[in-house]
Amino acid sequence: MAARSYDQFRPTFADRRRWNSPDVLRHRAQTHGDRVYLDVPSTGESYTYAETLELAERVARGLIGAGAVPADRLLIMAPNCSAYILAWLGSSLAGMAEVPINTAYRGTFLEHQASTVAPRLALIHPDYAARFAESAESVGTVERFYLAGGDGDERAAAAATLRQSGFEVSNWEELLEPTDLGSAVELPTVRHSDLGSVFFTSGTTGLSKGVMMPHAHMHLFADQCVSLTRLTDADVYMSAGPLFHGNSHFLAAHPALIAGARYVLQERFSASAWTSQVRESGATVTNFVGVMMDFVWQQPPQPGDADNDLRCIFAAPTASSILEEFKRRFGVEAFVEVFGLTETCMAILSPYGEDRPPGAAGLANSDWFDVRLVDSETDEEVAVGELGELVVRARHPWTQSVGYYNMPEATQEAWRNLWWHTGDGLRRDAEGWYYFVDRLKDAIRRRGENISSYEVEQALLGHPVVAEVAVVAVPADQEAGEDEVLAVVVPEPGAEISAAEMWAYADRRLPYFAVPRYLRFVAELPKTPSEKVRKVELRAAGVAVDTHDRGPAPRRRGGHRT
């Protein structure tokens, strides 16, 4: 039987030369000019496609007037707001590349990213001005800061702080004002191969890397989402994730733009407010990332949970153990999932409305990507059913990252033997379904069994008083080259759980070899500013004095594996 592939993707625009946000925005302003594109409930703002184009063009001309030239970078560090969207589109129209920065960054995190991309201009919220002043030397390429948000006093204080450090400062609104000279500023022609964005990875094990995304790369990412969710101009796509992540940016705002849909930008994610936000916005499509789905599920059920227009949720990953109950409770028609990276678009997607094997992320999008699972040491392809590193390469020009900005060594390490190496371990079944197993550096081998830390974490998170958990390998004390399992558990606030109770629960939820030998209870997990767990710190701490030890796992009788 031939392996299946994902065959539902049909590009919205057949001519790949049009795969850039300026062309798409201008097209939608013509076809959907009086339809609302951007809706921001927290501020009551809404902008039609025609208004969005007009304002974005003003921003573009203002940036050019401030000295920007094509290929310059615009740093953006702001919470979810209309200015963020207009800055993205305006910088694209000006031929610039946007550089979204996590709003939690400061100090060395901020300095590394800013110095790596050397931005000429920056849009920030006044709250972050002091951070740039403290790191003025590393952000010295910024010639002008634009302040968006905050009240008059906050802006005045932020402007004074930045000016004391030698920076020029303007208010964001100055870019939005029409000027007599505006029409005289000619906007450049933007090509699909031009750099559109630099999105930084979180850098859990080293310096974060700026993923260079050509316009065609970002467009394909977004258009795949249009296909995945069956998004049309009759839809309302709501997203609550931060715009400095792709989840709300090129997997929500950009797909809505391509489809001519209404994009509802929530200020932030709130599990308790999610149901009312969906209902009040009229959302037909939304997305989850990480534990958002589980957080919503844990809210007390209400009689009106299914009183909404929601038909599709894009969840990566999908919490399969609660999937069917979630759909019934909230009246959702379909869940869709993918496996992709910022560097590669979505090479693996799940067909809309199709039941998939438990744990399956999807099928390979073989028309657009070559996909293989290989031995991470030799790059030789592994057999069906075996764990291998996912490697990907695009089949069409400019639809994959062209490397890490100003980090050639990291680019060379990832791009090896003409394939982009993801560092993720997956397996594929005979039918063609791909299953995420683990980040290869997080994989655990114990008693001859490969264990997914992700799967152990998902099982333990089902305990009613466990808020968070991270599972890592620690050295085995009996068998060289193999591991023992350590689970670091964060109980819910005010809750208590004993090691014996946790082990009893794990015994019921996990195969014997995956039950953690070691348990440690902590108030919080160490995390990066983008809220990813720093497992490198947990591994370094290893078995500490406050760690509970159950003893070595028993061998299965007969000493064999099945």
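This is a predicted model: local features need pLDDT of at least 70, side-chain atom pairs count only at pLDDT 80 or more; totals for chains, interfaces and linings use all residues.
1. Helix α1. This helix spans residues 21-31, and its buried residues are S21, P22, V24, L25, R28 and A29. They lie on the same side of α1, because the arc they cover around the axis is only 165°. Their packing partners are four helices: α2 (49-65), α3 (82-93), α8 (215-229) and α9 (249-259). Note that the buried set includes R28.

2. Start of α1. A side-chain oxygen of N20 comes to within 2.9 Å of the backbone nitrogen of D23 at the start of the helix.

3. Helix α10. In this helix, residues 274-281, the buried positions are W274, T275, Q277, V278 and S281. Here too the arc around the axis is only 165°, so these residues sit on the same side of α10. The elements covering them include the strands β10 (236-239), β11 (262-265), β12 (285-289) and β13 (312-316). The helices α11 (292-297) and α12 (323-330) are also among the covering elements. After α10 comes G282, with a positive phi near 75°.

4. Nonpolar cores. The largest nonpolar core has 101 residues, and the members that touch the most other members are Y37, L63, I85, W172, Y263 and F314. Another core lies apart from it, with 27 residues, including V99, V117, F167 and M212.

5. Surroundings of F314. Leaving out residues up to four places away in sequence, F314 touches C225, L228, T229, Y237, L251 and T286, among others. Its contacts also include N287, F288, V336, E337, V338 and M346.

6. Cysteines. How many disulfides does a search of the whole structure find? The count is zero. For C312, the closest cysteine sulfur is that of C225, and the two sulfurs are 8.3 Å apart, which is too far for a bond. The cut-off for a disulfide is a sulfur pair within 2.5 Å. C312 is buried, with a relative accessibility of 0%.

7. Cis peptide. The bond from A316 to P317 is cis, and its omega is near 0°. P317 belongs to the loop between β13 and α12, two of the elements that cover the buried residues of α10.

8. R230 has a positive phi, near 55°, and is located in the loop between α8 and β10. With a relative accessible area of 45%, R230 is partly exposed. D379 likewise has a positive phi, near 65°. The loop that holds D379 runs between β18 (369-374) and β19 (388-394). Is D379 buried or exposed? D379 is buried, at a relative accessible area of 15%, as the cut-off for buried is under 20%.

9. R517. This arginine is in the loop between α15 (499-509) and β27 (518-521). Its relative accessible area is 4%, so R517 counts as buried. Which side chains make polar contacts with that of R517? One is E484, at 3.4 Å. Another is Y518, at 3.3 Å.

Conventions. Residues are numbered from 1 along each chain as its sequence is written. Side-chain values use heavy atoms; hydrogens and water are left out. Buried means under 20% relative accessible area, exposed over 50%, partly exposed in between (1.4 Å probe, protein chains only). The arc is that of the directions from the helix axis to the C-beta atoms. Contact means heavy atoms within 4.5 Å. A polar contact is a pair of N or O atoms within 3.5 Å; within protein, one must be able to donate a hydrogen and the other to accept it, and residues adjacent in sequence count only if both atoms are side-chain atoms. A nonpolar core is a set of buried Ala, Val, Leu, Ile, Met, Phe, Trp, Tyr and Cys residues joined through side-chain atoms within 4.5 Å.
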